[in-house]
Amino acid sequence: MSRRLLLAVFLVCLVAAAPACRKQPAPAPDALVSAYDVEPDWNDPQKVVALNYRQAQGKRLFYTNCVWCHADATPAGPSNRSNVTPTPPLINDGNVLNGESEEYLRNVISLGGSAVGKSAMMPPYGRTLRPEEIQSLIAYMRAIAQPLYQQSARPGKPYTGR
Amino acid sequence: MPTGAADRALESLRATRVWKSVFRRGPALTNRTRSLAVFGNLFLHFLPVKVREKSLRVRATYYLGSITFLLFVVLSVTGVLLMFYYHPAVPQAYRDLKDLRFVVSNGVFLRNLHRLAAHLMVVTVFWHMFHVFYRGGYKPPHEFNWVVGVVLLLLTLFLSYTGYLLPWDQLAFWAITVGTNIISAMPVIGGRVRYLALGGNQVGENALLRFYVLHCVVLPLVAVLLIAVHFWRVQKDGGLTVKEEDGGK
Amino acid sequence: MAENKKIETGFSSDVLKDPKRIVFVTKKTSAKVTGDAGRQVMTFPHLVLREAIAFQILVIAIVLVSLLWDAPLEQLANPLLTPNPAKAPWYFLGLQELLHYFPPFVAGILIPTLVVIALVGIPYFNINIHGGPLWAKRRTSQLRMVLIVLSLLMIFLAIFLAWTVFVPSAAIAFLLLYSYSVPASQTGWRGFLRSRTVSWWVMTWFIAVAITLTLVGTFFRGPGWEWEWPWVSHGG
Amino acid sequence: MGKISRRLRLAFAVSSVIFVAVLAISPVKDLRREWKYYKNGYERFARNRPDKRLLSDFHPGLDQIWIPEMNVVDRCTTCHQGITQPSLADSSVPQPFRAHPPIHHSATDWGCVVCHRGQGPATEVAEAHETTLAWEQPLLPNRLIQGSCGTCHRADLAETPKLTRGRQLLAKLNCVGCHRLQDVDRPAMLAPDLTNIGTKVSRAWIYKWLKEPRTVTDSNGTVTVNGYETGDEPRMPQIHLKEEELRALSGYLSSLRSHPVAPYRFDPRAIALEKAPDLTAQGEVRFRQMFCSTCHSLAVTRAGETKLIGGDIGPELTKVGSKVNRDWLVSWLRNPQEYLPHSTMPRYEWSDQDLFKVAAYITTKLVDSDLLNGVPNLGEATPDEITSGRNLFLAKGCASCHIVGGAAPQKDFGPDLTALGGKNVSQLEFGQSKIPRTLIAYIQTKLTDPVSVNPAARMPQYHWSPDDLEAVTIALISMAGTPSASGMERLKIPRASPEFHPAGAFGEVYERYQCSACHKFNGYGGDLAPDLSYEGSRAQRAWLVDFLKNPQTLRPMLVLRMPQFNVTDKEAAILADYMTMTLQSPLANTAGEGHMRFTPQLAAMGKQLYEVKYQCQACHTIGGAGGYVGPNLSNAGNWLTATWVQAWLKNPQALVPGTIEPRRSFTADEIQALTAYLMTLRPSGKKASAGASQGGTR
């Protein structure tokens with residue numbers, strides 16, 4: 001009698017406590033949905049690269065300051081790239097730029113080509129752009145690099161507990 | 001049922017001076033001490049010392065009166081707790097409701113209890129009334145208690161209605177606006193009565209304050225008073241109406 | 001109240017002259033303080049214990065429901081943003097439904113006031129003192145009376161196109177007329193209907209209408225107070 | 001009697017146990033609240049990070065940002081705990097713990113919801129982020145977040161290009177004609193005044209234009225302008241009209257001719273050109289020389305591909321000869337403001353011969369004999385057609401942009417959109433459409449397919465590229481109406497609306513040639529050509545005079561160039577004087593210009609610096625060699641002032657904010673040397689001859 005009673009009490013409590021253990025499902029976010037901005041892949045316009053805030057800032061700065069020599073098409077039409085010898089690398093050229101360290105790229109941009117033993121045609125931007133803007137530029141170039149830039153750390157995942 | 005240790009513990013508890021100072025009588029084992037237990041207690045003495053066995057059957061009352069009263073008790077307790085977190089101001093009232101939901105421990109639970117009990121009380125009050133009617137419980141000598149009951153019904157509706165505005169959300173605002181608009185249909189004095197109820201021409205901060213004071217102070221006090229009368233009169237009018245068919249099996 | 005009773009109450013108006021007080025307690029004037037009505041038991045513990053159980057079951061029920069169902073909280077009140085439809089609390093939706101058919105004064109003031117007056121007045125108008133069934137005596141004249149009242153009510157409702165009132169009224173009217181035809185020997189629910197009193201019928205009609213109106217107002221009314229099935233969500 | 005039954009005792013015991021158990025559920029549940037799960041997760045996460053600050057900053061309770069005067073109670077940081085931790089900026093940090101990217105506002109000063117929307121006080125994931133019963137403004141998608149910048153920053157920001165683009169589109173497409181928009185003012189003229197339209201075009205042409213207003217949209221939504229594809233939306237939208245409506249409107253409009261155009265009496269020498277066999281060819285040369293294409297485009301077919309070449313300040317002219325009659329054209333070219341007082345077309349100084357030639361070129365070459373092919377024979381308008389046309393003109397909203405007979409334009413033909421961005425979902429009319437019930441979906445559907453939301457919509461159909469749609473959505477979201485707290489109203493940074501209308505002789509010339517249509521003066525004017533606010537500091541007076549009289553350049557790359565206005569000597573002098581005297585930068589005042597002398601040695605040193613050390617030829621051209629990014633410096637010695645060059649080399653951004661010339665660390669000596677070198681640059685020794693390029697890519 002009392003065993004059945006206890007069992008019943010236990011079951012009722014179990015049922016009542018059930019809503020307390022609701023699960024929080026975390027749907028995998030689509031990179032393009034949560035992106036701050038996008039940029040079509042330079043080599044394949046059908047593909048779109050998702051950019052986060054920092055990379056998008058880099059994109060903006062790139063299209064203002066750098067596009068003239070580091071791309072084959074500019075907002076104004078033709079590019080100055082072919083006029084410059086040695087020819088500057090395309091900004092998405094992963095074969096050239098993926099191998100360069102972050103620090104090296106920071107130095108080239110802020111101190112100019114001559115500071116790292118490259119062509120002096122690359123002017124220094126250290127007094128024009130703030131350090132975080134240069135950081136954004138690097139983030140942007142990493143984002144659109146072809147072949148893809150392999151990050152050393154693992155990519156971010158939504159938090160899923162332990 | 002367990003005996004022995006628990007009973008002994010109870011015995012020794014009853015033997016303490018503190019217990020004796022609180023409960024002056026011994027264990028309620030004889031009819032005398034049981035009677036004492038009822039009329040020696042402020043709360044129980046609203047009840048008669050003896051009741052008819054038939055009126056205790058569930059089908060006789062469904063305990064609707066008791067349940068309504070108990071809901072009132074639940075509402076008072078949860079209501080007082082809710083008052084700790086609530087400011088009758090615009091738009092602070094709404095923010096308090098948000099805090100209740102998102103910050104206060106068990107805040108949602110507290111509010112759910114209060115709201116559910118309030119709705120339930122309206123239901124049980126009506127049900128209680130209909131039940132009493134069908135059983136002829138209004139018949140002499142219960143006439144006056146029936147009238148007290150009708151007033152309590154109206155009080156319950158007013159309590160629920162005034163409480164409805166307090167969250168200050170769209171639901172509350174428009175329900176009260178629609179409800180009070182009906183008042184203006186009253187000939188001649190309608191507009192003025194509405195102005196009096198709302199403290200203005202529109203449901204606003206004044207209305208919120210008025211409804212708050214009514215909900216938390218005036219109406220509960222009147223309700224407590226009338227509930228006491230109601231209980232008292234049940235006893236004085238000769239107990240619950242008992243019908244022949246209540247005999248049951 | 002017993003104005004037409006041929007009973008001499010021994011109640012003297014001159015107490016000095018005649019100090020005796022005799023009261024004839026007839027069935028009609030009975031206060032129903034029946035001395036018998038079964039055994040009595042001590043309130044403590046019999047009633048108190050039962051009330052305690054009732055209280056615990058009640059709290060268990062509302063606590064469980066409170067855990068599963070959250071009280072609604074909508075957006076901050078905005079006088080400029082009228083929801084369509086704006087609904088009163090559910091217990092007033094019956095009135096709001098009436099407002100849809102009748103002028104505001106009738107639906108909002110007159111009817112509720114009459115209902116309250118009627119409720120207060122119930123014990124003072126000898127209602128159901130006899131406890132006699134409607135169809136017990138003078139069946140034909142009763143039926144004539146009932147038919148007149150019913151047709152007046154139905155015509156009134158039909159004029160105002162108050163069909164959500166009309167339908168439950170018609171249902172109760174049907175039952176009422178049906179109970180007339182039930183033979184006296186019938187038992188079960190038919191017999192139950194047959195033995196109902198006038199007051200029972202009136203109250204049942206009132207409850208049926210009130211419940212129907214409240215349900216309709218709560219669940220079946222959409223924007224513009226148009227009929228709407230609760231499972232069909234309206235756009236926007 | 002008194003014995004309590006065993007059943008009752010049992011019931012009491014059972015209900016007591018359940019009673020106590022049930023009351024304990026809620027407090028237990030409270031220990032497992034959603035935010036505590038993230039709190040605990042963060043603590044575990046922080047313990048494994050090298051940055052010890054994370055743990056020392058951790059506290060176990062609720063976090064909130066509370067700014068009463070702004071109505072901000074944001075508890076987002078309860079779960080998003082790392083937003084102020086620089087060491088969590090990396091994208092490998094799992095959400096919700098990642099740091100916020102660096103922006104100009106700190107979360108502690110502003111809260112989160114101000115920009116991101118969502119429900120700040122909420123401590124549950126769904127309530128905070130999504131639309132719920134109690135909160136109808138869900139989190140704004142990151143791609144549209146620039147709209148939030150725009151709620152306070154009414155002026156354009158460098159960091160919000162999409163917002164700026166959206167605002168430009170709203171202005172350019174005349175949205176303000178029908179809608180009230182926040183901070184988009186109605187210009188003096190949205191669309192041509194039609195008071196006299198009957199003197200300009202035929203009824204048949206009006207019919208055709210109304211039916212297919214310059215554009216034809218195929219089933220793919222590709223917009224073609226007279227058969228040539230264009231990415232831009234035309235200002236005149238396509239309004240769906242029935243046949244009788246077309247007849248009525250065209251009849252009404254063609255009847256509008258209150259001031260007939262008097263034919264211009266050409267000089268007999270000009271008329272004599274009629275017989276010249278190459279009249280139209282000469283006209284075309286003149287048309288090109290005067291750089292009409294800076295503002296007007298023509299469809300040009302090259303290598304089988306047809307493109308519009310030219311600017312978009314004025315209308316596209318490929319078939320204009322089939323549109324306007326010759327008398328009107330000549331009158332227009334002589335004085336555009338006579339027909340349209342608010343036109344930005346400059347009043348050219350024509351010689352009769354040039355006028356005759358160009359008019360002949362336009363009316364004979366820029367034509368399309370098939371243009372009016374599909375148009376029925378309309379004849380003269382009947383009075384009935386005129387009456388119903390007049391009514392349609394109002395009913396279709398034409399009067400929102402076009403004026404007839406000096407009447408004020410129709411206001412508020414479409415809904416007020418000044419508070420659209422702050423609307424709740426329940427305030428929007430979705431009708432029967434199946435789109436998601438969100439503000440974003442509503443705005444975008446309304447923009448792309450108005451009829452699907454409201455079958456009776458009067459809004460014309462637009463065709464947006466995905467980027468433009470996003471930009472316009474952002475601009476509309478930024479119009480969030482009155483903020484929820486009065487404190488935020490103060491934070492609004494109003495859009496500066498400068499005006500530059502100089503008086504005097506300069507003012508007259510300035511208005512005549514509509515300089516501000518392309519150039520900016522102290523923030524007022526167009527974007528097409530260089531900002532002239534400090535032109536007096538930059539250019540030498542002699543060069544200015546020379547350039548104004550003959551603005552031809554030798555750079556073939558740029559299509560858009562200063563038109564040849566045929567300014568008189570006197571006008572050129574007025575312009576140059578005013579610029580030299582008044583349009584001076586405080587950082588480069590040319591008062592001391594005359595005293596500067598540079599030695600040849602210094603210039604030689606400068607040349608060395610230019611060519612070897614700094615390799616300026618990467619971007620600048622001298623004598624045909626070098627880059628195209630910066631302006632051509634071949635004529636720098638005649639063009640620029642030494643004062644300007646020095647100031648520029650010191651800090652270009654100080655002179656022209658936002659210029660792309662990087663600021664470098666030249667020493668004072670290097671600046672002197674480079675200036676000396678640049679001042680020697682003159683094309684083959686000429687002094688102040690035919691001007692060199694002054695325009696640069698901005």
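**Entry 1: a serine side chain.** I began with A:Ser110, where a polar atom of the side chain sits 2.7 Å from the backbone oxygen of A:Arg106. I kept in mind that this is a predicted model. A:Ser110 belongs to helix H5 of chain A, residues 102-111. Is A:Ser110 buried or exposed? I found a relative accessible area of 19%, and A:Ser110 counts as buried because the cut-off is under 20%. Beyond its neighbours within four places in sequence, I listed A:Pro124, A:Tyr125, A:Gly126 and A:Ile134 as the contacts of A:Ser110.

**Entry 2: chain B as a whole.** Next I looked at how chain B is built. I counted 11 helices and one strand. Along the principal axes, the C-alpha atoms fill a box of roughly 65 × 45 × 30 Å.

I then checked burial and found that 48% of the 249 residues of chain B are buried. Of the contacts in chain B with a separation of 6 or more, 67% are between residues 24 or more positions apart. The accessible surface of chain B is about 12400 Å², and carbon and sulfur atoms hold 67% of that surface. I also looked up the charges: chain B has 27 positive and 12 negative ones, and their mean positions lie 4 Å apart.

**Entry 3: helix H6 of chain B.** I picked out helix H6, residues 92-102, and noted its buried residues, among them B:Tyr94, B:Asp96, B:Lys98 and B:Phe102. What covers the buried residues of this helix? I found that the cover includes helices H5, H7 and H11 of chain B, along with helices H2 and H6 of chain D.

Entry 4: B:Phe130 is in helix H7 of chain B. I noted it as buried, at 13% relative accessible area. Leaving out neighbours within four places in sequence, its contacts are C:Met203, C:Phe206 and C:Ile207.

D:Val453 is in helix H18 of chain D, residues 450-453. At 4% relative accessibility, D:Val453 counts as buried too. Setting aside residues up to four places away in sequence, I saw D:Val453 touch several residues, including D:Phe430, D:Ile435, D:Tyr442 and D:Lys446. I also checked D:Glu499, 46 residues from D:Val453 along the chain: their C-alpha atoms are 40 Å apart.

Entry 5: A reminder to myself: most peptide bonds are trans, and most residues other than glycine have a negative phi. With that in hand, I looked for exceptions.

- The bond from A:Gln146 to A:Pro147 is cis, with omega near -5 degrees; A:Pro147 is in the segment after helix H6 of chain A.
- C:Phe44 and C:Pro45 are joined by a cis bond as well, with omega about 10 degrees; C:Pro45 is in helix H1 of chain C.
- C:Leu161 has a positive phi of about 55 degrees and lies in the loop between helices H4 and H5 of chain C. I noted C:Leu161 as exposed, at 63% relative accessible area.
- D:Arg117 has a positive phi near 60 degrees and lies in the loop between H5 and H6 of chain D. D:Arg117 counts as buried, at 11% relative accessibility.

Key
Residues numbered from 1 in each chain as written. Chains lettered and ligands numbered in written order. Predicted model: local features only at pLDDT ≥ 70, side-chain atom pairs only at ≥ 80, totals over all residues. Heavy atoms only, no water. Helix = DSSP H or I, 4+ residues; strand = E, 2+ residues; numbered from the N terminus. Buried < 20%, exposed > 50% of the residue type's maximum accessible area, 1.4 Å probe, protein only. Contact = heavy atoms within 4.5 Å. Areas by Shrake-Rupley, 256 points an atom, 1.4 Å probe, with all protein chains shown as cover. Lys, Arg positive; Asp, Glu negative; His and termini not counted. Charge placed at Lys NZ, Arg CZ, Asp CG, Glu CD. Polar contact = N/O pair within 3.5 Å; in protein donor to acceptor, adjacent residues only side chain to side chain.
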